[in-house]
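Subject: Structure handover

Hello,

Here is the structure for you to look over. My notes on what turned up follow below.

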Amino acid sequence: MKKLPHVMIYSDGACTGNPGPGGWAAILRDGASGKEKRISGGERETTNNRMELMGVIRGLEALKQPCRATIVSDSQYVVKGLDVWLAGWLLRGWKSSTGAPVKNRDLWQRLVELKAIHQVSCMWVEGHSGHRENEECDRLAREAIGHARR
């Protein structure tokens, strides 16, 4: 069996107001060549958690073939959602542990689809702690907010 290529996906999301204008960003780095691709975008009316999820989604969607993707995020919501909560939500029919409907279900469902294509693992990093790629994603996401307001 052929070994899948490995890609690091650094992602972040930001929002001015919650809800309010928001931006997301991702840096994709090929594990073999080190080549990078930077992507970002925004929405006029959204939430911080939706933008955090969009950074991951758009990063995974940018992959041109099945990959081993390591998601690096400062969002506990993203990392715990993918690593811990998602399995329970699926078992409970998209209900949280308290029985409430899962927020941002549309985006989580898209991540389930993408996880069926790619081998996804997560790594949490502390935000605003000097992590180079995380800081750059934060800058790109905040820049995208300005474009979303127009």
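This is a predicted model: local features need pLDDT of at least 70, side-chain atom pairs count only at pLDDT 80 or more; totals for chains, interfaces and linings use all residues.

Which residues of α2 and α3 make the contact? On the α2 side they are Tyr77, Val78, Gly81, Leu82, Leu86, Trp89 and Leu90. From α3 come Trp108, Leu111, Val112 and Lys115. By class, this contact of α2 with α3 has nine nonpolar residues, one polar and one charged.

Next, the sheet. Five strands form an open sheet, and the pairing is mixed. The order is β3-β2-β1-β4-β5. From one strand to the next, the twist averages 20 degrees.

Strand by strand:

- β1 (residues 6-15) is mostly covered, with nine of its ten residues buried.
- β1 and β4 run parallel and are joined by six bridges. Here Val7 has Ala69 of β4 as its bridge partner.
- β1 and β2 are antiparallel, over nine bridges. Tyr10 is opposite Ile27 in β2.
- These two strands, β1 and β2, form a hairpin with four residues between them. In the turn, Gly17 has a positive phi of about 85 degrees.
- β2 (residues 20-30) pairs with β3 in the antiparallel sense, again over nine bridges. Leu28 is opposite Lys37 in β3.

Last, the cysteines. How many disulfides are there? The count comes to zero. A disulfide would need two cysteine sulfur atoms within 2.5 Å. For Cys15, the nearest cysteine sulfur is that of Cys137, 17 Å away. The sulfur of Cys122 is 14 Å from its closest cysteine sulfur, also in Cys137, and therefore too far for a bond.

Are Cys15 and Cys122 buried or exposed? Buried means under 20% relative accessible area. Cys15 has 17%, so Cys15 is buried. Cys122 has 18%, so Cys122 is buried too.

Best wishes

Conventions:
Residues are numbered from 1 along each chain as its sequence is written. Side-chain values use heavy atoms; hydrogens and water are left out. Two strands pair if DSSP finds at least two bridges between them. Axes are lines fitted to C-alpha atoms, for helices over the stretch in contact, and angles run from 0 to 180 degrees between N-to-C directions. Contact means heavy atoms within 4.5 Å. Ala, Val, Leu, Ile, Met, Phe, Trp, Tyr, Cys and Pro count as nonpolar, Asp, Glu, Lys and Arg as charged, and the others, Gly among them, as polar. Buried means under 20% relative accessible area, exposed over 50%, partly exposed in between (1.4 Å probe, protein chains only).
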